[in-house]
Amino acid sequence: MASMVPRPQPASTTEMTEYVLPQHANALGNVFGGQIMAWVDLCAAITAQRHSGRIAVTAFVDDLKFQMPVKVGEVVRLRAEVAAVFRTSMEIHVVAEGEDSRSGRRWPCVDARLTFVAIDDEGRPTPVPALVLDTEEVRRSQAEGEARRAGRIERAKGSLAPQDRDTLTG
Ligand SMILES: CC(C)(COP(=O)(O)OP(=O)(O)OC[C@H]1O[C@@H](n2cnc3c(N)ncnc32)[C@H](O)[C@@H]1OP(=O)(O)O)[C@@H](O)C(=O)NCCC(=O)NCCS
């Protein structure tokens, strides 16, 4: 049984560093967008599982913008943190940067928000611990995440047939 004691944001923050090899790149020598998305998803999944103490699955990915490319021989640095926690779902914010490890220069690569749902031993969504709202920054992050979640649920309802709209929680 996973603990439901509220958890502080830093307890689950995850950092990953990936070196870009030729097999990660397209014909221009830049990392494939799909490869970056896989690293973003992995970094976010580790964060969601650290927070919830459960297996967590990707339920939704907000608009994902590739800001600047990263080339073979350069480095992708990723950082994921829990932005907001709901009942069984969590919004995870991932920031990825490119880095030239020789000069130390860094540049923005991706800024993404993903919703993960914690899953119990029977494969059903299960409640997750709250976020400790111990700083103004975390309180703002939780409030902004709740507003974004309301928008996601509305958009998801819009894509359903009328008889199915009440099945979405929120
Ligand atoms: C994600 C999944 C578990 C949700 O299952 P479900 O039966 O719809 O569950 P519920 O309706 O009880 O919703 C569970 C949570 O998901 C949230 N959710 C559902 N659809 C959502 C959407 N489009 N956007 C954001 N959150 C959503 C609900 O709001 C709820 O969160 P809450 O408990 O914090 O309020 C299910 O759709 C699934 O397994 N999807 C496939 C996941 C997957 O294969 N991912 C890729 C590999 S990891």
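This is a predicted model: local features need pLDDT of at least 70, side-chain atom pairs count only at pLDDT 80 or more; totals for chains, interfaces and linings use all residues.
**The ligand shell, a pocket and selected residues**

Strand 2 supplies the largest share of the shell around the ligand, with four residues. Three elements each give at least two residues to the shell around the ligand: strand 2 (55–61), strand 6 (106–119) and helix 2 (136–158). Of the 17 residues around the ligand, those that come nearest are T58, R87, T88, S89 and R149. Sorted by class, the shell around the ligand holds ten nonpolar, five polar and two charged residues.

Several of these neighbours can be followed down to single atoms. In T58, a polar backbone atom lies 2.9 Å from a nitrogen atom of the ligand. R87 also takes part through its backbone, where an N or O atom is 2.9 Å from an oxygen atom of the ligand. T88 uses its side chain instead: an N or O atom there is 2.6 Å from an oxygen atom of the ligand. The ligand would expose 950 Å² if taken alone, and the protein buries 62% of that area.

Along its principal axes, the C-alpha trace spans about 50 × 40 × 35 Å. The chain has 170 residues, of which 40% count as buried.

A further feature to look for is the second largest pocket. Rolling a probe the size of a water molecule over the atoms shows where empty space is left. In the second largest pocket this space comes to about 230 Å³. Strand 1 (14–19), strand 4 (75–85) and strand 5 (89–99) are the elements that give two or more residues to its lining. Strand 4 gives the most, with five residues.

Is R152 buried or exposed? R152 counts as buried because its relative accessible area is 6%, under the 20% cut-off. Its side chain has polar partners: a polar contact of 2.8 Å joins the side chain of R152 to that of D62, and another, of 2.6 Å, joins the side chain of R152 to that of E91.

Q9 is found in the segment before strand 1. With a relative accessible area of 12%, Q9 is buried. A polar atom of the Q9 side chain lies 2.8 Å from the backbone oxygen of V82.

L131 and H51 are 80 residues apart along the chain, and their C-alpha atoms are separated by 8.6 Å. For D134 and G34, 100 residues apart along the chain, the C-alpha separation is 36 Å.

Finally, I55 brings the account back to strand 2, the element with the largest share of the shell around the ligand. I55 is exposed, with a relative accessible area of 56%. Its C-alpha atom lies 14 Å from that of S3, while in sequence I55 and S3 are 52 residues apart.

Notes:
Residues are numbered from 1 along each chain as its sequence is written. Side-chain values use heavy atoms; hydrogens and water are left out. On a 1 Å grid over the protein atoms alone, a cavity is a set of points where a 1.4 Å probe fits but cannot get out, and a pocket is an open set with protein on both sides within 12 Å along at least five of seven lines; lining residues have an atom within 4 Å of a point. Grid points are joined across faces, edges and corners, and a volume is the space filled by probe spheres set on the points. A residue is near a molecule or strand if one of its heavy atoms lies within 4 Å of it. A polar contact is a pair of N or O atoms within 3.5 Å; within protein, one must be able to donate a hydrogen and the other to accept it, and residues adjacent in sequence count only if both atoms are side-chain atoms. Accessible areas come from the Shrake-Rupley method with a 1.4 Å probe; for residues, only the protein chains shown count as cover. Ala, Val, Leu, Ile, Met, Phe, Trp, Tyr, Cys and Pro count as nonpolar, Asp, Glu, Lys and Arg as charged, and the others, Gly among them, as polar. Buried means under 20% relative accessible area, exposed over 50%, partly exposed in between (1.4 Å probe, protein chains only).
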